[in-house]
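Please view the sequence and the structure before reading on.

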There are 2 protein chains.
Amino acid sequence: MNGAQSLIRTLVGHGVDTCFMNPGTSEMHFVAALDDVPEMHGVLALFEGVATGAADGYSRIAGRPAATLLHLGPGLGNGLANLHNARRAHSPVLNIVGDHATTHRRYDAQLQSDIETVARNVSTFVRTTESTADLGLDAREALAAAAGPPGSVATLILPADVSWSEGGVVAAPDGGSRGGGAPDAAVLDAAAAALRSDERCVLFIGGRACATPLLDAVGDLAAATGAEVLCETFPARLERGAGRPPVERLGYLAEFAMMRLDGVRHLLLLDAPSPVSFFAYPGKPSDLVPEGCTVHPVAGPGDDVAGALAALADLVGAAAGGAVRQVATRPELPSGDLTSQTVCQALGALLPEGAIVSDEGNTSGLFAPGATAGAPAHDWLTLTGGAIGQGLPVAVGAAVAARDRRVVALEADGSALYTVQSWWTMAREGLDVTTILLNNHSYAVLNMELDRVGVDEPGPRAREMLDLGRPDLDFVSLARGMGLDATRATSTEEFNEQLARSLATPGPSVVEAVIPGLL
Amino acid sequence: MNGAQSLIRTLVGHGVDTCFMNPGTSEMHFVAALDDVPEMHGVLALFEGVATGAADGYSRIAGRPAATLLHLGPGLGNGLANLHNARRAHSPVLNIVGDHATTHRRYDAQLQSDIETVARNVSTFVRTTESTADLGLDAREALAAAAGPPGSVATLILPADVSWSEGGVVAAPDGGSRGGGAPDAAVLDAAAAALRSDERCVLFIGGRACATPLLDAVGDLAAATGAEVLCETFPARLERGAGRPPVERLGYLAEFAMMRLDGVRHLLLLDAPSPVSFFAYPGKPSDLVPEGCTVHPVAGPGDDVAGALAALADLVGAAAGGAVRQVATRPELPSGDLTSQTVCQALGALLPEGAIVSDEGNTSGLFAPGATAGAPAHDWLTLTGGAIGQGLPVAVGAAVAARDRRVVALEADGSALYTVQSWWTMAREGLDVTTILLNNHSYAVLNMELDRVGVDEPGPRAREMLDLGRPDLDFVSLARGMGLDATRATSTEEFNEQLARSLATPGPSVVEAVIPGLL
């Protein structure tokens with residue numbers, strides 16, 4: 001058994017059976033070993049950012065890691081932005097980066113570079129395996145690091161000769177999974193006292209607290225104490241819709257977020273960081289916690305959030321099953337001019353039961369959460385790390401993880417272009433993904449930010465750098481070039497009809513919605 | 001004057017007047033300052049790998065650095081692969097990476113990451129400017145580092161508040177440019193003795209030795225001594241064609257390279273590393289220098305190559321003007337089935353005077369150097385670092401640097417997909433770039449490498465990972481989606497006609513050549 005075979009068998013033995021890959025010569029033995037271990041499912045991406053974003057999306061939905069396979073330092077570089085998003089999502093990802101053979105390093109051949117250094121930007125675990133016999137054990141250790149908590153990116157660097165040499169040893173799972181840090185009793189007591197008081201409390205949730213079963217416990221706690229529930233601005237996976245505890249997300253714009261938090265006296269952090277502004281702006285604070293508000297770090301990403309919630313429920317006497325539930329309600333199918341608002345309304349009217357929404361709609365998607373709040377139960381995946389180009393790859397991974405569910409990628413024109421190669425993988429794998437491409441011909445968010453950072457009267461050359469027109473991007477043509485069915489809607493009626501058809505048609509398709517500039 | 005304005009004025013004062021950019025919120029003041037300093041030309045890319053590759057291509061042709069503008073760690077990640085290629089090309093590039101405001105760092109907001117760590121993978125100079133007053137001086141120092149020799153990537157990290165604050169100071173050029181290390185007298189003497197001997201000598205050239213005026217000096221030396229001239233496999237810029245000293249490139253395949261070097265007794269390195277295999281292969285050597293051959297490190301990338309060549313000419317008595325010159329000759333326009341060979345033959349028949357070829361044709365481009373050897377004088381730019389996805393961005397940069405010349409991007413299907421967003425920038429800037437898209441529906445090089453690394457009978461699942469069909473990519477549709485004219489040729493006659501039309505038509509266009517699999 002060579003190294004590659006032992007690695008793949010170790011992964012499969014740990015439940016990791018999907019690898020998103022863009023391999024090169026140094027990874028050829030890993031690729032060849034796919035035929036020896038049929039339990040491993042290799043998914044080809046035409047760009048590494050697709051592979052890493054798909055691993056993130058897979059992990060968010062499957063609840064277990066996918067692997068990636070990348071080609072040396074440049075391949076890792078191409079995958080880095082979506083590994084950054086995965087890091088912020090606390091998604092467990094095993095990132096395998098092929099390297100030159102150990103005997104080849106001294107020659108500083110063209111593709112050589114310092115891979116470990118780059119990997120540290122996104123990884124909690126970085127190791128270069130130096131001998132074939134160690135590979136299985138290293139993979140096991142990497143998977144344990146990735147699993148967390150907190151879930152994270154673990155990077156295993158795999159020299160070509162370690163992969164091709166005989167002497168591989170499969171490492172069996174060692175059974176132990178870490179439970180996370182125990183809640184601090186003093187913090188719990190203070191938090192419980194706040195919840196029992198008459199002062200305004202917010203349960204500020206993120207990470208695992210946004211999904212079953214913890215989300216139900218959050219709802220129970222809120223119902224029992226009158227606390228409000230707010231979610232971090234960009235959760236990895238928020239379960240929502242009819243029948244689930246309704247959760248409002250804190251707004252992206254610091255101005256609105258501060259208004260929303262005004263008057264709150266206690267912020268209880270449940271797998272979420274204390275809220276801060278996404279960017280800094282001249283003369284404005286970065287910290288969004290209002291003056292006089294106490295922050296209670298109840299449980300962080302490395303902690304036992306379930307245990308903390310159970311302890312809080314005990315302390316305040318919250319009964320299970322008390323949570324308020326979202327009532328089923330949908331907007332009417334819209335009519336009139338096609339705008340980002342009517343697009344989102346149509347999505348609310350048509351979103352199928354059990355759908356997964358990968359939301360990178362940016363400015364054009366602002367109305368989507370409201371329009372879908374009472375739609376049938378669904379999952380909402382967001383841009384956790386702010387590195388755009390995540391939405392389509394995450395949709396790929398989510399669809400691979402849940403082949404029986406419809407995935408909707410709510411995608412903006414500017415963001416789509418970073419990882420548009422995702423469409424080809426959707427087509428190859430026959431994934432049930434509907435892409436709603438919101439085309440406003442601009443980096444609209446930057447037009448807004450230009451004003452917010454204090455540029456009062458931007459000149460024509462600055463505006464030019466934010467404009468995606470001249471030439472206009474034709475996403476129908478791009479999608480067809482990647483082998484997908486695609487249509488363009490310029491009226492709300494067309495959009496309603498095209499979205500309904502896409503949602504009902506197996507396999508991937510794209511609906512391009514041509515909408516006006518900002519909002 | 002704010003920091004951004006002082007930075008741009010400093011760059012312009014140093015002759016850096018082009019910035020390839022994909023900005024975000026933290027770079028908005030840099031973008032706004034474009035209207036204050038009209039000498040700076042901002043070129044928008046829709047993906048960072050386009051911006052960094054374009055900066056490389058620009059530098060190779062203009063002989064002076066371009067700047068980039070990228071958005072935090074993820075933006076740098078997306079640009080890393082082509083910065084790797086720029087590093088290997090010894091292209092001077094000023095890589096500007098926007099960062100959060102210094103006051104915002106402590107909050108670990110979503111987009112924060114360790115930028116300096118990533119930058120070190122590709123940069124000889126990395127600095128985060130901490131105060132607005134220092135920005136001009138830091139930029140001057142970065143530019144000096146980038147200029148070299150050796151030319152390199154210098155990364156300046158620019159926090160948003162350093163950019164937006166008042167108090168910027170323009171740094172004037174300090175006039176000094178480094179000449180490079182002086183040649184070692186003992187090495188020169190030994191090299192001259194070898195050239196005077198009857199033993200077989202090769203002038204192994206790379207970098208600056210591949211272009212005017214040094215290439216002429218190489219030709220003179222070869223003519224005077226009978227030494228052969230060989231070029232590194234992947235030169236940054238090789239001047240060639242009618243009237244220039246003819247230069248053969250060492251082959252990519254180690255098997256052929258070793259045959260070519262067999263019997264050589266002296267290898268004189270002139271701005272080129274000693275030849276090594278691109279990858280390692282089981283049981284095969286990485287070092288391509290034959291046994292019994294002495295390697296003479298005459299001048300490296302950090303040295304005064306011109307001085308070394310002049311000293312060698314003195315020592316062996318080589319007269320200026322003695323170099324053999326390539327005779328003008330072109331192949332006939334081909335006919336018959338369309339193959340990679342007829343595509344390359346047509347290119348040889350039609351390549352215009354003064355053209356620049358950005359060659360990422362990979363397996364399909366193997367016949368191109370031979371077919372164009374006697375074409376009118378032109379420049380040939382190659383994949384210096386092996387990170388595919390370089391060809392189209394380098395074509396963008398070359399075309400911006402030389403708006404009066406025709407650029408031909410000889411591009412393979414697999415490679416094109418990494419940075420296909422380049423086409424949009426070509427269209428926006430109206431660049432005279434002809435893309436010849438060689439579509440063989442596969443990662444053909446990997447099919448070859450699978451065999452070379454010793455995988456004897458790859459199974460269907462391995463083959464699947466190297467196959468770009470199912471669905472077939474339609475590059476005409478992709479190009480039109482980016483706003484370019486595009487046509488598809490399935491016969492040699494169609495290709496001849498379409499290539500001629502593209503070369504004669506101002507602005508960018510794409511000719512997709514549908515060719516059989518491997519060679």
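This is a predicted model: local features need pLDDT of at least 70, side-chain atom pairs count only at pLDDT 80 or more; totals for chains, interfaces and linings use all residues.

The crossing of α12(A) and α20(A) is right-handed. On the side of α12(A), the contact involves T342(A), V343(A), A346(A), L347(A) and L350(A), and these meet T492(A), F495(A), N496(A), L499(A), A500(A) and L503(A) in α20(A). Sorted by class, the residues of this contact comprise eight nonpolar, three polar and no charged.

Helix α20 of chain A also contains A504(A). Is A504(A) buried or exposed? Its relative accessibility is 61%, so A504(A) counts as exposed. The C-alpha atoms of A504(A) and T434(A) are separated by 9.5 Å, although the two residues stand 70 residues apart along the chain.

Two packed helices are described by the angle between their axes and the distance between the axes. For helix α3 (residues 48–62) of chain A and helix α14 (residues 391–401) of chain A, the axes come within 6 Å and cross at roughly 45 degrees. This angle makes α3(A) oblique to α14(A). The crossing of α3(A) and α14(A) is right-handed.

Which residues of α3(A) meet α14(A)? They are G49(A), V50(A), G53(A), A54(A), D56(A), G57(A), Y58(A), R60(A), I61(A) and A62(A). Their counterparts in α14(A) are P393(A), V394(A), V396(A), G397(A), A398(A), V400(A) and A401(A). The contact of α3(A) with α14(A) has eleven nonpolar, four polar and two charged residues.

## The six-stranded sheet of chain A

Six strands of chain A form an open sheet with parallel pairing, in the order β2-β1-β3-β4-β6-β5.

## The five-stranded sheet of chain A

Another open sheet, with five strands and parallel pairing, has the order β10-β8-β7-β11-β12 in chain A. Here β10 (248–249) and β12 (294–299) of chain A stand at the edges; because each has a single partner strand, one side of each is left without a neighbour in the sheet. Strand β8 (residues 228–231) of chain A pairs with β10(A) in the parallel sense over two bridges, and C231(A) stands opposite R249(A) in β10(A). Helix α11 (residues 305–316) of chain A packs on the sheet and touches β11 and β12 of chain A. The direction of α11(A) makes about 120 degrees with that of β12(A).

One residue of this sheet, L270(A), is found in strand β11 (residues 266–270) of chain A. With 0% relative accessibility, L270(A) counts as buried. Leaving aside neighbours within four places in sequence, L270(A) is in contact with L203(A), F204(A), I205(A), G206(A), A209(A), V298(A), A299(A) and L309(A).

## Buried elements in chains A and B

In helix α17 (residues 444–452) of chain A, the buried residues are A444(A), L446(A), M448(A), E449(A), L450(A) and R452(A). What covers them includes α10 (254–261) and α18 (460–464) of chain A, together with α2 (28–33) of chain B. Just after α17(A), G454(A) takes a positive phi of about 100 degrees.

In a regular strand the side chains alternate between the two faces of the sheet. Strand β14 (residues 378–382) of chain B has five of its five residues buried. On one side these are H378(B), W380(B) and T382(B), and on the other D379(B) and L381(B). Three bridges join β14(B) to strand β9 (residues 238–240) of chain B in an antiparallel arrangement, with R240(B) as the bridge partner of H378(B). Strand β13 (residues 356–360) of chain B runs parallel to β14(B) and is joined to it by four bridges; S358(B) stands opposite L381(B).

How values were computed:
Residues are numbered from 1 along each chain as its sequence is written. Chains are lettered from A and ligands numbered from 1 in the order in which they are written. Side-chain values use heavy atoms; hydrogens and water are left out. Two strands pair if DSSP finds at least two bridges between them. A crossing is left-handed if the near helix is turned anticlockwise from the far one by less than a right angle, and right-handed if clockwise. Contact means heavy atoms within 4.5 Å. Ala, Val, Leu, Ile, Met, Phe, Trp, Tyr, Cys and Pro count as nonpolar, Asp, Glu, Lys and Arg as charged, and the others, Gly among them, as polar. Buried means under 20% relative accessible area, exposed over 50%, partly exposed in between (1.4 Å probe, protein chains only). Axes are lines fitted to C-alpha atoms, for helices over the stretch in contact, and angles run from 0 to 180 degrees between N-to-C directions. Angles under 35 degrees count as roughly parallel, over 145 as roughly antiparallel, 65 to 115 as roughly perpendicular and the rest as oblique.
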